[in-house]
Amino acid sequence: MRIVALWAFLALLTGCQQQNREELVLWHAYRGAEATALTSAVRRFEASADGVKVRLVSVPYDAFANKLSVAIPRGNGPDVFIYAHDRIGDWAARGLLEPLGLWANESLIDQFFLQTVESLVYEDALYGLPLAFKTLALFYDKTLVDVAPRTTAEMVAQAKAIRAADASRWGLAYPLDSLYFHAPWLHGFGGQVYSKGDEPALAAAPAVRSVAFTRRLVHEEKIIPEEVTSALVTSLFRDRKLAFVVNGPWFRGELEGHDKWAVAPLPIVSETGIPARPFLGVEGVLLSAQSLRKADGYALMRFLTRTDEAKTRLSSGGQLVANQAAYVKGAGDAFTEAFRQQVEQAVPLSNRPHMRRIWTPAQDALSQAIMHGVPPAEALQEAVRLIKRGD
Amino acid sequence: MKQTPSTAMNIATHGGLICVVVATLFPVLWVIKMAFRPSQTFATGLNPFPTTFSVANFTDLFAEPFFWEQLGNSFIVAGVTTVAGVFLACTSAYALSRFRFPGRRAALMGFLVTQMFPGTMMMIPLYHLLDQLMLLDRVLGLVLVYSTTAIPFCVWMLKGYFDTIPRAIEESALMDGASQFTLFWRIILPLSRPAIAVTALFSFMTAWNEFILAATFMSDEAAYTLPVRLQQYVGQYTAEWGHFAAGALLVSLPVMILFLVLQKHLVGGLTAGGVKG
Amino acid sequence: MGVEPRVGLWMPLATLAFCTLIGAVGLDRYGAHVQDEQLTWSGERVLDAMVASDGSVDRLQALDGIKVDRIVDDPAPRKYRFLWSLRGEEALDPANVDDAALVEVYLAARKAAVVRSESDHLKVARTHAGAVLVARVDRGRDVGTLPFYGGILLGLILCLGMMIWRGTGIYSALLGALAAFVPVAGGAAWAAHGLTLQAHELATAVASATGLQAPFVSNPAGVIGLAGLPLVLMIVLGIWTRSRASANRVAYTYLMPAAVGMGLLVLVPFIVGVALAFMRHDMGTFTWVGLANFGQILSSEGYGLTHPLSFYFTLAVTIGWTAINVVLHVGIGLALALVLQRPTLRFRGVYRVLLIVPWAVPSYITALIWKGMFDKQYGMINHVFGVIGLEPVAWFNGFWTAFTANVTTNTWLGFPFMMVVCLGALQSIPRDLYEAADVDGASAWAKFRHITLPLLKPALLPAVILGSVWTFNMFNVIYLVSNGQPHHSTDILITEAYRWAFEQDRYGYAAAYSVIIFLVLLSYSLLTQRVTKAAEEAYG
């Protein structure tokens with residue numbers, strides 16, 4: 001029958017494409033220059049470790065976490081993969097990651113910034129080696145600002161002066177409703193997201209003060225525009241209509257062709273004397289618990305994170321490597337130097353699963369308090385209520 | 001006798017249509033702007049027309065590794081989905097339209113009901129299922145999953161269309177000794193060309209534009225489809241909008257070409273004098 | 001017209017063979033998966049272990065002097081708490097030692113003493129200083145495979161029973177299916193419960209050891225889902241055995257491929273999803289909570305009825321969203337199709353292709369462009385408002401304005417589809433009807449009302465009904481354009497479910513949401529049954 005024939009034809013399509021387990025599989029979400037850098041590093045590894053072949057698979061960032069969580073338990077996952085650290089708690093709790101406690105040693109760990117390693121630790125087990133980090137710093141326009149401010153009072157004063165001189169210019173801009181961007185002020189006022197014991201601390205007094213601070217900057221000092229999107233920030237900064245921007249290393253890509261700007265570590269909060277501490281995000285290389293070639297996988301991880309590889313990535317790609325031994329004279333530039341100083345004042349983003357519940361309620365609270373006039377204490381309490389929803 | 005519309009009506013109609021087309025294409029102008037300028041930032045602001053012109057984004061796209069394989073994969077997956085989807089839908093719709101058998105109501109409702117459970121929740125069990133059936137990383141796996149979205153609509157639409165074809169045509173053919181299959185193949189299908197064209201386009205679109213399942217089920221870059229490549233340009237903090245826009249334009253082209261081709265079938269099958277009893 | 005029973009047997013036998021094939025495939029995959037498993041160990045319930053401190057495989061020695069129930073236990077203060085050590089070892093290069101070879105040597109060395117059973121397995125690990133260990137660890141109770149095979153077996157038996165007892169009709173078939181489903185689902189749920197209990201036990205036990213990971217827990221929902229396979233076969237077979245007339249057999253033959261494929265790929269994940277709704281997900285473990293999730297949702301967690309976070313508010317918004325969108329899509333699509341199908345219109349091909357562009361361009365980028373156009377300060381819409389003298393609007397600050405933004409974007413994205421469907425459907429109306437009406441002097445509106453609309457219904461209704469189901473579950477536009485602003489009020493049920501699953505990590509709760517969405521849509525479709533029946537009568 002024709003129908004049977006059709007099914008037979010379709011069945012033929014199931015042929016080919018066997019999974020090749022002879023290779024070490026490495027997943028990543030890199031693009032462009034970073035992907036090329038990774039490929040050449042991997043080829044160097046293959047040359048040094050004879051007989052080991054590595055297959056690189058680039059996975060879109062949006063699909064990465066999901067795909068990993070379903071693939072590894074079924075045995076279809078990678079051996080090694082490169083990803084941000086924030087889902088480690090999730091994956092470790094589900095047994096998808098191999099702890100490196102018996103593999104790594106002290107001299108290896110000493111090479112990295114301790115905060116970057118801490119980001120990869122969950123429940124006293126280390127789950128990966130840090131490759132690079134991302135955090136926020138203060139970008140400023142050199143034609144408008146001569147010297148980077150050391151305190152927030154200085155920054156506000158400079159911003160107000162620039163605004164007074166030309167009303168079409170703004171003093172400072174960053175996405176106001178994002179907790180990720182607000183975190184420097186939160187930590188600078190002595191607040192934190194979670195206190196000991198997994199209890200949200202977003203409604204505590206320091207947090208309220210930090211939100212009140214931002215409100216003041218928007219509505220009273222009027223140095224920040226009321227509705228800010230990242231696209232707006234880019235276009236304003238490029239048009240020289242913006243003095244200060246709180247942003248991360250990826251911002252450099254958007255400033256291509258633009259010059260006379262610089263980066264400095266975030267200022268100290270004048271009200272408390274504590275430095276504004278942004279969240280630290282770490283990109284690590286992790287080992288799958290279901291891998292059949294753990295020794296080779298670990299060797300690849302060691303190779304990718306070692307000092308001379310890190311130096312290459314730092315000097316040619318400008319990547320903020322987590323290997324502190326790589327930051328010798330002449331390896332980086334002023335840009336990486338600013339971020340290197342910042343990483344010492346950064347707070348690792350918690351990798352516990354509960355962290356993911358923070359973002360949307362915090363976003364609601366920030367937008368309500370800063371842009372819609374709701375009192376900060378009330379907005380933050382509502383956020384805490386939302387975070388604990390479903391418990 | 002057909003009435004030809006007056007010139008005034010004509011101008012008004014064309015004028016109205018042009019307004020609608022402009023309003024429709026306006027947002028797409030920004031996509032074009034982003035595709036043809038060398039930067040990777042998202043276009044905001046008030047000017048939708050490109051101020052600089054460069055094809056760098058397109059050349060970058062073609063130079064990416066595996067681009068041609070992925071393009072081929074997209075065509076294969078979408079093509080097979082269209083063929084299988086339309087074929088299976090035609091047969092099922094024919095049965096549902098022409099025969100009264102137990103379970104007919106249930107089957108019709110069943111096809112509808114399968115669309116009601118949110119797809120995002122089904123992804124993980126679907127992955128397990130496909131893995132168990134050894135269909136992961138294979139064209140057939142993706143095709144089957146896409147068909148489950150495409151088939152219900154195709155079945156319903158074709159059944160509705162088949163319902164409008166008078167039984168008299170079939171009865172006279174049966175009396176002339178035609179078999180059930182000849183009836184289906186030579187009489188019903190040609191008369192339903194408009195509906196088949198619509199369902200073919202729909203099946204193609206369903207498979208062509210889908211990205212999340214393709215990204216999850218395929219574990220090798222050479223096996224990805226084009227939308228997955230497009231989504232690779234969207235990173236954690238930023239996206240390469242120039243490349244994405246260029247890719248978006250590329251991805252839309254085959255659809256528009258397919259529609260152009262299918263247009264000539266959007267002609268009534270019963271208007272050619274027809275078969276009158 | 002009777003049919004020889006023997007001739008009709010081949011289809012049920014084919015499905016039986018298919019079912020067995022699935023079972024065999026599952027068996028093979030499952031077995032292989034467990035065999036290749038190489039998890040790192042938990043240090044708990046280690047039954048036996050051997051170490052090679054200098055890396056040479058044949059020097060594997062028994063760990064007699066070391067306590068085997070807490071391998072990692074070094075009281076000496078360490079600089080980093082996450083680095084572990086083993087007492088009494090020497091440096092060595094782990095890359096020289098091969099897992100498989102280790103296991104072989106271990107087995108050879110312990111041949112007499114080792115009793116390999118189903119409940120334990122071997123694990124290999126390396127210390128940071130290079131020593132190598134092989135341990136036999138008790139895996140504990142594993143019921144993972146039982147409900148899977150039990151379900152298939154039970155289903156097979158019942159299928160055979162149905163086959164033998166012919167002529168029972170669809171209602172008996174459905175009853176039989178339900179009867180089979182209950183023990184199967186119950187057994188699977190029990191197994192899942194058992195699995196989650198086991199995981200929970202282990203997790204607690206392991207938590208006291210220094211940072212060792214919890215063992216991998218198989219997703220119980222997957223097991224339950226596969227046990228639903230017999231349900232599909234039941235219905236198929238039940239329908240089949242009823243058919244005696246050859247005409248019906250033809251119908252089934254035409255219908256079967258699509259039905260079986262759909263059944264497998266949609267019904268199974270659906271059953272899994274439903275099963276998940278009765279569980280609570282917390283850090284990788286699923287626990288049975290019965291109807292608690294549903295209770296929480298339907299009581300809208302203590303929020304008032306009109307609070308934006310209340311379930312009923314979201315439901316109302318979703319229904320309003322669907323209704324308005326469908327009306328707009330169909331209205332605009334139909335109007336355009338009517339204009340564009342006139343044979344006298346020039347360039348209509350060009351117009352049609354241009355108007356299909358919103359459907360053709362990936363909606364990810366166009367939705368974001370629309371969001372940009374609604375921006376308060378720099379968006380196009382407010383700019384146009386300014387030009388014609390209206391006040392600029394803060395679109396995402398208020399419920400109705402954000403809702404309008406969403407509706408506008410979705411209408412732009414959705415009308416081409418309706419236009420194409422209408423273009424196709426309009427072709428089914430015989431032209432001579434219009435000509436006859438012209439002869440009678442009917443106006444354009446009368447022609448539309450009395451000829452076009454009624455005859456359009458059968459071909460158009462599917463698109464409208466399915467379109468409303470898709471709009472009800474339209475996740476993309478809401479998420480990308482307004483993202484639920486202000487304050488979650490423009491969220492629809494599906495975006496709420498998504499947030500629960502992927503932002504709050506509560507998969508069980510999200511699954512319960514999905515089940516409720518499904519039930520709402522199901523009742524809607526039962527309502528539309530009457531309409532479709534009426535439409536069918538139009539053609540007789």
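What share of the contacts in chain A between residues at least 6 apart in sequence join residues at least 24 apart? Here are a few friendly notes on this predicted model, starting with that one.

1. The share is 75%. Chain A holds 16 helices and 14 strands. Its radius of gyration is 23 Å, close to the 21 Å given by the globule rule for 391 residues, so chain A is as compact as a globular protein of that length.

2. For the outline of chain A, the C-alpha trace spans about 75 × 55 × 50 Å along its principal axes. Of the 391 residues in this chain, 62% are buried. The accessible surface of chain A is about 14100 Å², and carbon and sulfur atoms account for 52% of that.

3. The largest nonpolar core has 341 residues, and A:Phe81, A:Phe139 and C:Ile365 are the ones touching the most other members. Helix α6 of chain B (residues 139–163) gives the most to this core, namely 16 residues. Apart from it lies another core of nine residues, including C:Leu340, C:Leu345, C:Leu355 and C:Phe415.

4. C:Ile365 deserves a look in your viewer. Neighbours within four places in sequence aside, C:Ile365 is in contact with B:Val31, B:Met34, B:Trp241, B:Phe244, B:Ala245 and B:Ala248.

5. In soluble globular proteins, nonpolar side chains tend to be buried together. On the surface here, though, C:Val384, C:Val387, C:Ile388 and C:Leu390 form a nonpolar patch, with about 380 Å² of accessible area together. C:Leu390 sits in the loop between α13 (380–388) and α14 (399–426) of chain C. With a relative accessible area of 46%, C:Leu390 is partly exposed.

Notes:
Residues are numbered from 1 along each chain as its sequence is written. Chains are lettered from A and ligands numbered from 1 in the order in which they are written. This is a predicted model: local features need pLDDT of at least 70, side-chain atom pairs count only at pLDDT 80 or more; totals for chains, interfaces and linings use all residues. Side-chain values use heavy atoms; hydrogens and water are left out. Patches are made of residues with over 30% relative accessible area and no salt bridge: like charges are joined within 9 Å, nonpolar side chains (Val, Leu, Ile, Met, Phe, Trp, Tyr) within 5 Å. Accessible areas come from the Shrake-Rupley method with a 1.4 Å probe; for residues, only the protein chains shown count as cover. A salt bridge is a side-chain nitrogen of Lys or Arg within 4 Å of a carboxyl oxygen of Asp or Glu. Helices (H or I, at least four residues) and strands (E, at least two) are DSSP runs, numbered from the N terminus. Buried means under 20% relative accessible area, exposed over 50%, partly exposed in between (1.4 Å probe, protein chains only). A nonpolar core is a set of buried Ala, Val, Leu, Ile, Met, Phe, Trp, Tyr and Cys residues joined through side-chain atoms within 4.5 Å. Contact means heavy atoms within 4.5 Å. The radius of gyration is taken over C-alpha atoms; the globule rule is 2.2 Å times the number of residues to the power 0.38.
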